[in-house]
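Welcome! Keep the view open as you read, and follow along topic by topic.

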Amino acid sequence: MKRLPLLLVLMVLLAGVGTAAFSYSVKLRYFKVERQQNDFVLSWQADLEEDVRSYELYRKTAYTADFTRLRTFSAHGAGKEYRFIDDQVYKSSSEELDYRLDAVFTNGLRQQVAERKLNYTPTAVRRTWGSIKAMFQ
């Protein structure tokens, strides 16, 4: 019976040591989604990138059930801008877009670090051209 409190204290101390070893973190300075004619330009910059291996950028529309990965970016350090031009939005007739950014750490863990939802109105010409182009891909 006297050993039970000692075992509990030891377990608590060991649990604290295990969680302190994970100091992975990302702190974004900004995550922007800007419209440029018929495309969307996504950009972000991190103030802090501890043990980040890569970033994964995702998009979801009102017609997709889940997020679709657009691209994976290798981490290149805090203070440097990442940029992506999404020129495939016209394939969808959706008027709602949702972009998500995940950080993937060197140990394989991942963390969602940003999300932006926006509404837009695609033109009929873009919708038609997107449909024709999608048929041949």
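Is Asp51 buried, partly exposed or exposed? Asp51 counts as partly exposed because its relative accessibility is 40%, where buried means under 20% relative accessible area, exposed means over 50%, and partly exposed lies in between (1.4 Å probe, protein chains only). Please note that this is a predicted model, in which local features need pLDDT of at least 70 and side-chain atom pairs count only at pLDDT 80 or more, while totals for chains, interfaces and linings use all residues. Residues are numbered from 1 along each chain as its sequence is written, and side-chain values use heavy atoms, with hydrogens and water left out.

**Loops**

- Asp51 sits in the loop between strand S2 (39-50) and strand S3 (52-61); strands here are DSSP runs (E, at least two residues), numbered from the N terminus.
- The phi angle of Asp51 is near 60 degrees, which is a positive value in a residue other than glycine.
- Another loop residue is Gln37, found between S1 and S2.
- Gln37 counts as exposed because its relative accessible area is 73%.
- From C-alpha to C-alpha, Gln37 and Asp87 are 10.0 Å apart in space, and they are 50 residues apart in sequence.

**Strands and their pairing**

- An open sheet is formed by three strands in the order S1-S2-S5, with antiparallel pairing; two strands pair if DSSP finds at least two bridges between them.
- Strand S1 (25-36) and strand S5 (81-86) are the edge strands, each pairing on one side only.
- From one strand to the next, the twist averages 15 degrees, with axes taken as lines fitted to C-alpha atoms and angles running from 0 to 180 degrees between N-to-C directions.
- Six bridges connect S2 and S5 in the antiparallel sense, and Tyr82 in S5 is the bridge partner of Trp44.
- S3 also pairs in the antiparallel sense over six bridges with strand S4 (residues 68-74).
- Thr68 in S4 is the bridge partner of Arg59, and a hairpin of six residues joins S3 to S4.

**Charged pairs**

- Side chains of opposite charge can pair when their charged atoms come close.
- Eight salt bridges turn up in a search of the whole structure; a salt bridge is a side-chain nitrogen of Lys or Arg within 4 Å of a carboxyl oxygen of Asp or Glu.
- One of them joins Asp47 and Arg29, with the closest N and O atoms 2.6 Å apart.
- This pair links distant parts of the chain, with Asp47 in strand S2 and Arg29 in strand S1, 18 residues apart.
- Asp47 counts as partly exposed because its relative accessibility is 35%.
- Arg110 and Glu56 meet through their side chains in a salt bridge of 2.7 Å, N to O.
- Arg110 belongs to strand S7 (residues 110-119) and Glu56 to strand S3, so their pair ties together parts that are 54 residues apart in sequence.
- With a relative accessible area of 45%, Arg110 is partly exposed, whereas Glu56 is buried at 6%.
- Arg110 also forms a salt bridge with Asp102, the closest N and O atoms being 3.9 Å apart, and Asp102 is buried at 5% relative accessibility.
- Through shared partners, salt bridges join Glu56, Arg69, Arg100, Asp102 and Arg110 into one network.

**The nonpolar core**

- The largest nonpolar core has 21 residues; such a core is a set of buried Ala, Val, Leu, Ile, Met, Phe, Trp, Tyr and Cys residues joined through side-chain atoms within 4.5 Å.
- Phe31, Trp44, Tyr55, Leu57 and Tyr99 have the most contacts inside this core.
- S1, S2, S3, S5, strand S6 (96-105) and S7 each supply at least two of the core residues, and S6 gives the most, with five.
- Leaving aside neighbours within four places in sequence, Phe31 is in contact (heavy atoms within 4.5 Å) with residues including Leu42, Trp44, Leu57, Tyr99 and Ala114.

**A buried glutamine**

- Gln45 is located in strand S2 and counts as buried because its relative accessible area is 10%.
- A polar atom of the Gln45 side chain lies 2.5 Å from the backbone oxygen of Gly79.
- Not counting residues up to four places away in sequence, Gln45 touches Leu28, Arg29, Tyr30, Gly79, Lys80 and Glu81.

Technical notes:
Helices (H or I, at least four residues) and strands (E, at least two) are DSSP runs, numbered from the N terminus. A polar contact is a pair of N or O atoms within 3.5 Å; within protein, one must be able to donate a hydrogen and the other to accept it, and residues adjacent in sequence count only if both atoms are side-chain atoms.
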